[in-house]
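Thanks for making the time this morning.

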Amino acid sequence: MDELLGMLKRTTVRDQSELVSVFASALQVSSETAAFFLAASDNNVELAANNYLATVGHGALTSSAVAAAAPWEGAAPISVPLAEFTGGNAAAEGMAVPGGGVVNLVWTFGNPDSRRWPRETCLVLREGTSLNSPTRIPVACGPGEQVSIGMQFTAPLEPGNYMTCWNLTCNTGYFGEPIWAFFCVPLPDALSH
């Protein structure tokens, strides 16, 4: 974390869009996410990074991933794979599922790159609960190809709101956008109304 903040502090930027771009690259997030955390922190890079890490997580922030993504002098170039979420069914925010109910989702990812994804590529649980699904699923995808991944989630018996967030990862860290699903397990009598 100290290394990441040091790199961000040493970076000089000419305008807001460049700051957003550098922050997004360093944290491997979308420009919209970077802009949100920077705006919420009044462009205080350290506060924005800490807020992001405290709310979303920090599993991917290895020094090699940060060095690969950011334009710092002396950074060793490391190739980060490319991925696009190309579709599939996703759970609507707050989708009501009875306790113990099963939800099947299919997520499709594309590889717009000219290279295969690394051999160690997996879809992993990044944040939230696994909802009784495996937390690491090996994924292979060649250049220009798509891969569909079937996910089966089982709602907890306890009423409440549940979130699960998944991301592709390899030895350089997370890549592609995170995929979120939100479920609500209502009180048993609420389902009968």
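Leaving aside its neighbours within four places in sequence, aspartate 113 is in contact with Leu82, Pro143 and Gly144, where contact means heavy atoms within 4.5 Å. Before I go on, please keep in mind that this is a predicted model, in which local features need pLDDT of at least 70 and side-chain atom pairs count only at pLDDT 80 or more, while totals for chains, interfaces and linings use all residues. Residues are numbered from 1 along each chain as its sequence is written, and side-chain values use heavy atoms, with hydrogens and water left out.

Aspartate 113 is found in the loop between β3 (102–110) and β4 (122–128); helices (H or I, at least four residues) and strands (E, at least two) are DSSP runs, numbered from the N terminus. Aspartate 113 is buried, at a relative accessible area of 15%, given that buried means under 20% relative accessible area, exposed over 50% and partly exposed in between, with a 1.4 Å probe and protein chains only. Its side chain is joined to that of arginine 115 by a polar contact of 2.6 Å, a term for a pair of N or O atoms within 3.5 Å, where within protein one must be able to donate a hydrogen and the other to accept it, and residues adjacent in sequence count only if both atoms are side-chain atoms.

Now to the sheet. Five strands form an open sheet with mixed pairing, in the order β2-β8-β7-β4-β5. At its edges stand β2 (95–96) and β5 (136–138), each with a single partner strand, so one side of each is left without a neighbour in the sheet. Two strands pair if DSSP finds at least two bridges between them, and β2 pairs with β8 (residues 173–185) in the parallel sense over two bridges, with alanine 96 opposite cysteine 184. β7 and β8, by contrast, pair in the antiparallel sense over ten bridges and form a hairpin with two residues between them. On the β4 side, β7 pairs in the antiparallel sense over six bridges, and there leucine 123 stands opposite leucine 168. How much of β7 is covered? Eight of the eleven residues of β7 (residues 160–170) are buried.

What about the cysteines? The count of disulfides, meaning pairs of cysteine sulfur atoms within 2.5 Å, comes to zero. The sulfur of cysteine 170 is too far for a bond because the closest cysteine sulfur, in cysteine 122, is 9.6 Å away.

On a 1 Å grid over the protein atoms alone, a cavity is a set of points where a 1.4 Å probe fits but cannot get out, a pocket is an open set with protein on both sides within 12 Å along at least five of seven lines, and lining residues have an atom within 4 Å of a point. Grid points are joined across faces, edges and corners, and a volume is the space filled by probe spheres set on the points.

There is one cavity of 30 Å³ or more, and the largest cavity has a volume of about 40 Å³. Among the residues that line the largest cavity is Leu131, which is buried at a relative accessible area of 3%. The largest pocket holds about 280 Å³ of space. Of the 13 residues lining that pocket, the closest to its centre are Val80, Pro81, Leu82, Phe175 and Gly176, and the largest share of the lining, four residues, comes from β8.
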